[in-house]
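Morning, everyone. Let me put the model up, and then we can go through a few places in it.

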Amino acid sequence: MYTQAMSVGPQDQAAKLQTAEEQQRNQAFEARIDAGDFIEAKDWMPDHYRKTLVRQISQHAHSEIVGMLPEGNWITRAPTLKRKAILLAKVQDEGGHGLYLYSAAETLGTSRDQMLDALHTGRAKYSSIFNYPTLTWADIGVIGWLVDGAAIMNQVPLCRCSYGPYARAMIRICREESFHQRQGYESLLTMMRDGTDAQKAMVQDAVNRWWWPSLMMFGPADKDSPNSEQSMRWGIKRLTNDELRQKFVDATVPQAELLGITLPDPDLAWNSERDHYDFGAIDWNEFWRVVGGNGPCNTDRLQTRVKAWDDGAWVREAALAHARKRATQAQAA
């Protein structure tokens, strides 16, 4: 029995050695996380940490790209040249955010083609908020105020994410998203102060439709979020879903009062004991239905993205051919 226990073949020795090395690497990694250090692309990291980041960053990138669609179809219908220019610049910013994030994800060893294939085949998700339609011009202002406001609340802590490339990408993204939020709020404020009764009713209707989906943007309740605890431990997330949602509600209610609109929640009330606003129950059945692909615009959004990818094939092929030509010329020189 002792002999059997002590009899270790070459493969077993390698396995034990690998396990010991893995433990040492994990310990060193956890020590860096505890110290608040940034993890960089060339640093060793656990496979699960890498996979978690690829999933989160790629889904974030997909959300930025798909998020261009609800607003893009209003560029030609904006009420003034000023509003058209602002919206055009905003949609362009969102495309840039997607590119920053795809680049950050690529540092983890995945390719952009792989990430986009996962999106186009339905294996990767994007924010459920972008599967709702934009029915009126007021929706564009409400997206800026509520959707971009929720995004900022969610994304500012990511500037301190433990993965350096992601954290650095988020600094510029958050600055631009902050501008988008202010622009959306200013648009609504103009409609509520100077608009007709019909325009004011349009704003209220848009708020009624976008309020609850905006609260869902922070993800499921903490008790139903299986990845949050580990992401918090690794410093990928700094605040939980429920903490971020509460911060958003607390910040948004006074803004709604200044606008002169009501939020569609009869349970919304200030709780002096908690020093926070109480709010009603979220319809999580709707959330999971939309995430599962059965929202109002899921099919349309995905079909539009796939068509854009297919229609742009000739541009990608021409760019690659040009790059090969330049490389050949450089080698010959």
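Start with helix α5, residues 81-106, and helix α8, residues 164-194. They pack at an angle of about 160°, and their axes are 10 Å apart. Axes here are lines fitted to C-alpha atoms, for helices over the stretch in contact, and angles run from 0 to 180 degrees between N-to-C directions. That angle makes α5 roughly antiparallel to α8, a term for angles over 145 degrees. The crossing of α5 and α8 is left-handed, meaning that the near helix is turned anticlockwise from the far one by less than a right angle. Who sits in the contact of α5 with α8? Nine nonpolar, five polar and eight charged residues. Charged means Asp, Glu, Lys and Arg; nonpolar means Ala, Val, Leu, Ile, Met, Phe, Trp, Tyr, Cys and Pro; the others, Gly among them, are polar.

Some ground rules. This is a predicted model, where local features need pLDDT of at least 70 and side-chain atom pairs count only at pLDDT 80 or more, while totals for chains, interfaces and linings use all residues. Residues are numbered from 1 along each chain as its sequence is written, and side-chain values use heavy atoms, leaving out hydrogens and water. Helices (H or I, at least four residues) and strands (E, at least two) are DSSP runs, numbered from the N terminus.

Next, T134. Where is T134? In the loop between α6 (112-120) and α7 (137-155). T134 is buried, at 10% relative accessible area; buried is under 20%, exposed over 50%, partly exposed in between, with a 1.4 Å probe and protein chains only. A polar atom of the T134 side chain lies 2.8 Å from the backbone oxygen of P70. Beyond four places in sequence, T134 is in contact (heavy atoms within 4.5 Å) with residues including P70, W74, I143 and W210.

Now D117, in helix α6. D117 is partly exposed, at 40%. In sequence, D117 and V306 are 189 residues apart; in space, C-alpha to C-alpha, 9.3 Å.

On to S228, in helix α10, residues 228-233. Buried or exposed, S228? Buried, because its relative accessibility is 8%. The side chains of S228 and K237 are joined by a polar contact of 3.2 Å. That term takes a pair of N or O atoms within 3.5 Å; within protein, one must be able to donate a hydrogen and the other to accept it, and residues adjacent in sequence count only if both atoms are side-chain atoms.

Last, D275. D275 sits in the loop between β1 (269-271) and β2 (276-278). D275 is not a glycine, although its phi is positive, about 60°. At 51% relative accessibility, D275 counts as exposed.

Technical notes:
Parallel < 35°, antiparallel > 145°, perpendicular 65-115°, else oblique.
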